[in-house]
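Okay, thanks for coming, everyone.

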Amino acid sequence: MKDALKKLRETKPLVHHITNWVTIYDCANITRAFGGLPVMAHAVEECADMTKISSALVLNIGTLTSELIESMIISAKAANEKQIPVVLDIVGVGATQFRNQMAAKILDSAHVDIIKGNYSEIAKLAGENARTKGVEATSINADPFWLAKNLAISRSCTVVMTGKEDIVSDGSGIFSIKNGHSEMGSIVGTGCMAASIIGSFAALNDDFCDAAIDALSFFGVAGELAAAKSTGSGSFKMHLYDEVSGLTDEKAGPMINIESVDG
Amino acid sequence: MKDALKKLRETKPLVHHITNWVTIYDCANITRAFGGLPVMAHAVEECADMTKISSALVLNIGTLTSELIESMIISAKAANEKQIPVVLDIVGVGATQFRNQMAAKILDSAHVDIIKGNYSEIAKLAGENARTKGVEATSINADPFWLAKNLAISRSCTVVMTGKEDIVSDGSGIFSIKNGHSEMGSIVGTGCMAASIIGSFAALNDDFCDAAIDALSFFGVAGELAAAKSTGSGSFKMHLYDEVSGLTDEKAGPMINIESVDG
Amino acid sequence: MKDALKKLRETKPLVHHITNWVTIYDCANITRAFGGLPVMAHAVEECADMTKISSALVLNIGTLTSELIESMIISAKAANEKQIPVVLDIVGVGATQFRNQMAAKILDSAHVDIIKGNYSEIAKLAGENARTKGVEATSINADPFWLAKNLAISRSCTVVMTGKEDIVSDGSGIFSIKNGHSEMGSIVGTGCMAASIIGSFAALNDDFCDAAIDALSFFGVAGELAAAKSTGSGSFKMHLYDEVSGLTDEKAGPMINIESVDG
């Protein structure tokens with residue numbers, strides 16, 4: 001979307017998260033750095049009310065419990081009713097049966113607009129025989145572009161597969177986002193942060209495929225700029241926030257590297 | 001209080017928190033940086049025991065659940081009994097009915113010495129027709145000085161309203177703290193951190209209005225010093241901790257900017 | 001162990017944590033910075049399954065609840081069955097009865113390979129009349145070397161006592177690790193991070209005493225290097241991660257300062 005970042009910073013959408021306890025601060029803080037207003041509220045008594053005043057809902061099963069899944073489903077239904085986008089980060093699917101089941105339960109209970117995961121998480125969800133090492137991707141056998149597209153078709157949603165090369169598909173187009181830097185894997189939480197950023201851009205853009213591409217390419221550009229200045233994982237994280245907070249559409253534009261893929 | 005920061009660093013009071021999962025680390029870490037010893041313990045089985053060995057109690061409803069509220073009330077009653085100060089940060093009041101009700105439940109179950117919130121949270125608690133955007137303040141109709149003073153009178157406590165201009169009132173005096181920097185709003189958690197710092201100073205000073213003024217002005221000065229050195233939200237946060245850990249009463253003194261307000 | 005850090009970075013063991021909500025991010029992030037793959041999963045329905053695909057289990061009772069303790073015991077039993085090391089950080093033992101009881105419950109329900117705590121936590125667990133100030137050590141009467149050795153013998157495990165001088169004993173040898181820097185106490189979480197690092201090294205080394213010594217000395221060296229570059233607690237934390245991510249066996253070697261103690 002033209003001037004997507006500028007619009008995000010002007011609109012300041014409220015982005016409701018029900019997320020994990022490991023990266024919850026960075027999910028909130030990166031949402032703020034990009035211009036959105038994060039709110040985290042998981043109590044079953046209020047989660048739907050918070051969703052109803054929000055412009056996007058971001059769900060992340062990183063430290064799931066049965067109670068949190070219940071709140072996620074309540075909020076996802078409220079988001080569907082209000083017609084705001086729902087992002088689901090399927091952290092750790094392929095590592096335990098419980099995660100496989102809970103991700104399926106959310107997807108069967110409400111409509112998710114954007115499913116995000118790493119290569120083995122998405123492969124497992126798509127029915128492949130994939131295993132996830134905790135929350136880390138392992139190599140998969142299937143073609144990732146084919147997987148993303150087919151899952152997008154079968155779930156009528158946009159699929160985001162993150163990894164060395166990020167893939168986005170809405171079931172018709174397939175896009176490869178070649179921005180980002182390996183240093184982003186040196187700190188915990190960049191995957192979760194990506195979901196928050198996707199939710200923030202999707203709050204303003206009905207074309208969720210386009211919103212996800214914007215989110216991943218802007219974040220990737222910031223990662224590249226930060227990596228060039230850092231001397232380890234501590235300074236990388238500091239520079240990552242500095243680069244995000246100083247990013248503009250004009251600055252990022254020439255660095256964005258997206259490819260449309262046949263598949 | 002004269003030499004307030006020096007005394008805090010010498011006394012190292014234990015500050016018990018029952019707080020939210022987003023900013024819990026920064027609540028603890030800023031308490032430590034100012035010289036206090038943070039402890040976070042929310043289990044219903046032990047929270048009163050932890051309060052009883054502490055010198056202040058800081059409650060924050062940012063990611064409240066019914067269970068957490070129960071623990072907060074148990075601890076607040078233990079704090080009342082032991083006559084140590086109770087700080088309540090009413091995060092998100094005005095956003096959902098549940099938050100409004102739970103904040104009221106705490107306030108009706110135990111005495112809170114210092115109520116802290118942003119402009120719309122305090123306005124809502126004071127009975128105004130205010131709405132909070134998630135955990136972000138929205139504009140209010142009433143005069144904020146009048147609101148702070150009247151809530152302080154009706155609840156027999158000190159009220160802290162944070163925003164572009166921080167306001168503190170104990171029901172007789174009204175003070176405006178003009179320290180701080182807009183960059184403090186570029187990162188998540190500075191509001192929650194302020195409550196932890198207020199609790200730390202209140203642990204040593206029976207004049208809670210004075211303790212809150214000290215906390216906000218010292219923190220604001222550190223924010224100003226950090227903003228002058230930072231190049232984005234990542235480096236701002238790093239410098240903020242550096243400036244807090246290097247702050248002294250002598251260094252902060254000439255920068256402190258407090259105004260007594262008629263109202 | 002020779003080339004211990006190199007092996008950790010090559011092997012990338014999965015380190016399962018059930019830990020506290022304050023330092024959970026830093027537990028994960030320091031595990032990653034040292035080369036391991038952290039995973040945090042506490043749901044009773046999946047915690048055993050996650051342990052079964054992991055190479056070490058790290059338990060930390062910093063923000064314990066009855067439910068978390070139940071998950072810790074289930075995972076510890078699964079770890080015993082799979083014969084992977086279990087590390088238990090007894091945060092806050094000596095502060096409340098509940099912590100004393102829950103730590104004892106874990107230790108009586110499953111075998112813990114490495115017990116870690118500060119001086120007063122270990123003293124209390126060993127039956128001394130010690131009190132912990134929240135999660136902070138207080139001075140103890142007993143000889144710390146004697147305490148560590150005797151607790152190691154009585155619990156048939158390795159004991160790690162952290163403080164100004166770190167002590168490790170497996171019941172036969174007693175070692176004093178003289179690396180580290182007082183600045184490590186200026187930020188919250190270095191104690192918890194140490195437990196995560198110990199778990200990471202123990203995943204590769206059946207000699208848990210040796211693994212703990214490696215972990216504490218490498219972390220201490222990184223702390224010394226970081227302190228030399230920092231200008232406060234914010235920059236110290238950034239440099240600490242940078243130094244860990246840039247550390248090698250060769251770089252650390254000449255700085256490591258371990259002493260065998262008679263006792």
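Before I point at anything, one term: when I say buried, I mean under 20% relative accessible area, while exposed is over 50% and partly exposed is whatever falls in between. Also keep in mind that this is a predicted model.

Right, let's start in chain A. The unreviewed UniProt entry lists Lys116(A) and Thr162(A) under "binding site". They're spread over 47 residues of sequence, yet they cluster in space, with a largest C-alpha distance of 7.5 Å.

So, is Lys116(A) buried or exposed? Its relative accessibility comes out at 3%, and because the cut-off for buried is under 20%, Lys116(A) counts as buried. You'll find Lys116(A) in strand S5 of chain A, which runs over residues 114–118. And who's around it? Leaving out residues up to four places away in sequence, Lys116(A) touches a list that includes Leu88(A), Asp89(A), Ile90(A) and Ile122(A).

Now over to Thr162(A). This one sits in strand S6 of chain A, residues 158–162. Thr162(A) has a relative accessible area of 14%, so it is buried too. Setting aside neighbours within four places in sequence, Thr162(A) is in contact with Lys116(A), Gly117(A), Asn118(A), Tyr119(A) and Leu216(A).

Zoom in on S5 and S6 of chain C: residues 114–118 and 158–162 pair in the parallel sense over 5 bridges.

Next up, helices. Two packed helices are described by the angle between their axes and the distance between the axes. Staying in chain C, H8 (residues 190–202) and H9 (residues 208–229) pack at about 135 degrees, with axes 8 Å apart. That angle makes H8(C) oblique to H9(C), and their crossing is right-handed. On the H8(C) side, the residues that meet H9(C) include Met193(C), Ile197(C) and Phe201(C), and on the H9(C) side they include Phe208(C), Leu216(C) and Phe219(C).

For contrast, hop to chain B. H4 (residues 66–82) and H5 (residues 97–109) pack at about 20 degrees, and their axes are 9 Å apart. H4(B) and H5(B) are therefore roughly parallel to each other, and that crossing is right-handed. Among the residues meeting there are Ile69(B) and Met72(B) from H4(B), with Phe98(B) and Met102(B) from H5(B).

Last stop, back in chain C: Ala126(C), in the loop between H6 (119–125) and H7 (144–155). Ala126(C) is partly exposed, with a relative accessible area of 31%. Apart from neighbours within four places in sequence, Ala126(C) is in contact with Leu147(C) and Leu151(C). And how far is Ala126(C) from Lys82(C)? They're 44 residues apart in sequence and 28 Å apart in space, C-alpha to C-alpha.

That's my tour, thanks.

Notes:
Residues numbered from 1 in each chain as written. Chains lettered and ligands numbered in written order. Predicted model: local features only at pLDDT ≥ 70, side-chain atom pairs only at ≥ 80, totals over all residues. Heavy atoms only, no water. UniProt positions renumbered as here; feature names shortened; annotations may be inferred. Helix = DSSP H or I, 4+ residues; strand = E, 2+ residues; numbered from the N terminus. Buried < 20%, exposed > 50% of the residue type's maximum accessible area, 1.4 Å probe, protein only. Contact = heavy atoms within 4.5 Å. Pairing = 2+ DSSP bridges. Axes fitted to C-alpha atoms, helices over the stretch in contact; angles between N-to-C directions. Parallel < 35°, antiparallel > 145°, perpendicular 65-115°, else oblique. Left-handed = near helix turned anticlockwise from the far one by under 90°.
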